[in-house]
Amino acid sequence: MNPVQLSIFANRLAGVCDEMGAVLRLSALSPNIKDRLDFSCAIFDARGRLCAQAAHIPVHLGSMAYAMADLVAGREWQAGDLMVVNDPYLGGTHLPDVTVIAPVLVGPTLLGFAVTRAHHANIGAHSPGSMPVSTDLAQEGIVIAPTLLKQQGRWDVPLCRRLAGLQADARAVLPVDNARFADFAAQASACEAGAARLAALAEQDGAALAQAFDALNDYGERRARARIAALPDGQYRFEDYMDDDGQGQQDIPIVLALTIRGEEASLDFTGTAGQVAGNINCPLSVAAAAAYYCFRCLMDDDVPACDGLFRPIKLYAPEGSLLNARRPAAVAAGNVETSSRVVDVVLGALAQVAPDVIPAASQGTMNNVAMGAAGEQGWDYYETMAGGTGGHASGAGLSGVHSHMTNTLNTPIESLESHYPLRVHRYQLRHGSGGRGQHRGGEGILRELEFLGPASVTLLTERRRYRPWGLAGGGEGAAGENRLNNQALPPKYSTEVAPGDRLIIASPGGGGYGG
């Protein structure tokens, strides 16, 4: 393909992913998907190699890119099939992130896959919001091994009812009136829309589509190798810490030795803590997603997001470590909190390579808030909260934004108060939380919620003890704070609240740049 054809093709694929995202957002019922946009859409070729993605969530997309080939290999795919999976140890992230995969076939020929991954606020965990302070994978919800949600266009009704939280022996009909199942149906619709668009591209010449996929990934690899080759060779080390695991273990190190040699980069996490009792462990696919994201940020905007970008990047984490945990280690917070710290560590190493390009540390946490109540009028709410990003050589950090591995939005106050028994009293920038320097870090935010009814609340947060680091002499960002009725709470915490209780989450600011 010549450069013009390749550019047009890459943008057509990205457009398909954008359309899938629009279908999913407009079809879903939960605020977590339709308001916060906690979902991702991508296109893969027949071998499970990433070919295009929308600008959605890095931890979703990078982990899918790392593991999709194993998920789709060795299966007899049929038109109308839909696979569903959320197993973190089979290419997932954590149980609330459910992946739906649709094959794209023209006649008997498999050409690729349309894929969505979305976060479900209720996946059957033992606490509302399905983000518990857990010690075992079984406590975190339903584990879905790779299973056909649809087979040749026919729904697996018992599985659908299980996903909807209904009894398997109840009326054997599709739970179309179930709000929890609606988000799965929305994912299915988005995948089918993407598969239809890709099939239409292939109808003219399926062989040409496969060749175009190869050309796109080869081009991505050339661009990635050229960017890495422009970095100075050497080995660069960086270390940072997780606050705690929620089960009494604190000061948990993540250690990286980054080697740049010619056109390739290798990341060795030897020295990182072993897997812990709490739920900040993560499968290797999540650590890979964080590493891939950092290197993607080094590249120009016009570089296509595809498998080829990651071919020159090698990654190793010891089996049984925090970043390559063994089943059935708990992983609910690994996807959100540990991935954020891996980004800080990789960027900290890259800052020694390209100090004029890399910013100081951003807030380094997603400030996970999960809450709800059981019963007939039960509800589940989950949100990640914004904070400050790091200052950099070209200017100050951004304030009150989701950064790095969480590319979501906030839940609007109007949506929050209309869906749940909550009242928002304060939602403002946390002035003075950004690190000092020639270019200040961005400000965190402060959110105060009042409970209008009894509820269970779980917090999974970081950067409450270790502050976001500054760069080139810049100061640290302020640590975050969690308070209930003005009493300080630990970073990972679960409790019951009563009507009138008030929860305050103050998110960290970004580190400053320059002395």
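A: Happy to. Keep in mind that this is a predicted model. Start with β8 (residues 234–244) and β9 (residues 250–261), which pair in the antiparallel sense over 10 bridges.

Q: Which residue in β9 is the bridge partner of glutamate 239?

A: Valine 255.

Q: And the hairpin of β8 and β9: how many residues sit between the strands?

A: There are 5 residues between them. Glycine 246 in this hairpin takes a positive phi near 80°.

Q: What is the strand order in the open sheet of 5 strands?

A: The order is β14-β15-β20-β17-β18, and the pairing is antiparallel.

Q: Which strands stand at the edges there?

A: β14 (422–430) and β18 (487–488). Each has a single partner strand, so one side of each is left without a neighbour in the sheet.

Q: How many bridges hold β17 and β20?

A: Strand β17 (residues 481–484) and strand β20 (residues 502–506) pair over 4 bridges, in the antiparallel sense. Arginine 483 stands opposite isoleucine 504 in β20.

Q: Which residues are on which side?

A: Phe39, Cys41, Ile43 and Asp45 are on one side. Ser40, Ala42 and Phe44 are on the other. Both faces are covered.

Q: What is β1 joined to?

A: Strand β5 (residues 109–119) is joined to β1 by 7 bridges, and the two run antiparallel. β2 is joined to β1 by 3 bridges, also antiparallel.

Q: Which residues stand opposite each other in those pairs?

A: Isoleucine 43 stands opposite alanine 114 in β5. Alanine 42 stands opposite glutamine 53 in β2.

Q: What about the hairpin of β1 and β2?

A: It has 4 residues between the strands. Glycine 48 takes a positive phi near 80° there.

Q: Back to glutamine 53. Where is it, and how does it count by accessibility?

A: Glutamine 53 is in strand β2 (residues 50–53). Its relative accessibility is 24%, so it counts as partly exposed, with the buried class ending under 20%.

Q: How far is glutamine 53 from alanine 351?

A: They are 298 residues apart in sequence. In space, the distance is 27 Å, C-alpha to C-alpha.

Q: Now lysine 150. Buried or exposed?

A: Buried, with a relative accessible area of 10%. Lysine 150 is in strand β6 (residues 147–151).

Q: Which side chain does lysine 150 make a polar contact with?

A: Glutamate 192, at 2.9 Å, side chain to side chain.

Q: What else does lysine 150 touch?

A: Leaving out residues up to four places away in sequence, lysine 150 touches Gly80, Asp81, Leu82, Trp155 and Glu192.

Q: How does the lining of the largest pocket split by class?

A: 30 residues are nonpolar, 13 polar and 3 charged.

Q: And the second largest pocket: how much space, and which residues lie nearest its centre?

A: About 820 Å³ of space. The lining has 30 residues, with Asn122, Arg180, Gly378, Trp379 and Asp380 nearest the centre.

Q: Which elements supply at least two residues of that lining?

A: α2 (31–34), α5 (179–202) and β13 (379–383). β13 gives the most, with 4 residues.

Q: How do its residues divide by class?

A: Into 13 nonpolar, 12 polar and 5 charged.

Q: Last topic. How many cavities of 30 Å³ or more are there?

A: The count comes to 3.

Q: What lines the second largest cavity?

A: Ser340, Asp344, Ser362, Gln363, Gly364, Thr365, Ser403, His404, Met405 and Thr406. By class, that lining has 1 nonpolar, 8 polar and 1 charged. About 50 Å³ of space lies in this cavity.

Conventions
Residues are numbered from 1 along each chain as its sequence is written. This is a predicted model: local features need pLDDT of at least 70, side-chain atom pairs count only at pLDDT 80 or more; totals for chains, interfaces and linings use all residues. Side-chain values use heavy atoms; hydrogens and water are left out. Two strands pair if DSSP finds at least two bridges between them. Buried means under 20% relative accessible area, exposed over 50%, partly exposed in between (1.4 Å probe, protein chains only). Ala, Val, Leu, Ile, Met, Phe, Trp, Tyr, Cys and Pro count as nonpolar, Asp, Glu, Lys and Arg as charged, and the others, Gly among them, as polar. On a 1 Å grid over the protein atoms alone, a cavity is a set of points where a 1.4 Å probe fits but cannot get out, and a pocket is an open set with protein on both sides within 12 Å along at least five of seven lines; lining residues have an atom within 4 Å of a point. Grid points are joined across faces, edges and corners, and a volume is the space filled by probe spheres set on the points. A polar contact is a pair of N or O atoms within 3.5 Å; within protein, one must be able to donate a hydrogen and the other to accept it, and residues adjacent in sequence count only if both atoms are side-chain atoms. Contact means heavy atoms within 4.5 Å.
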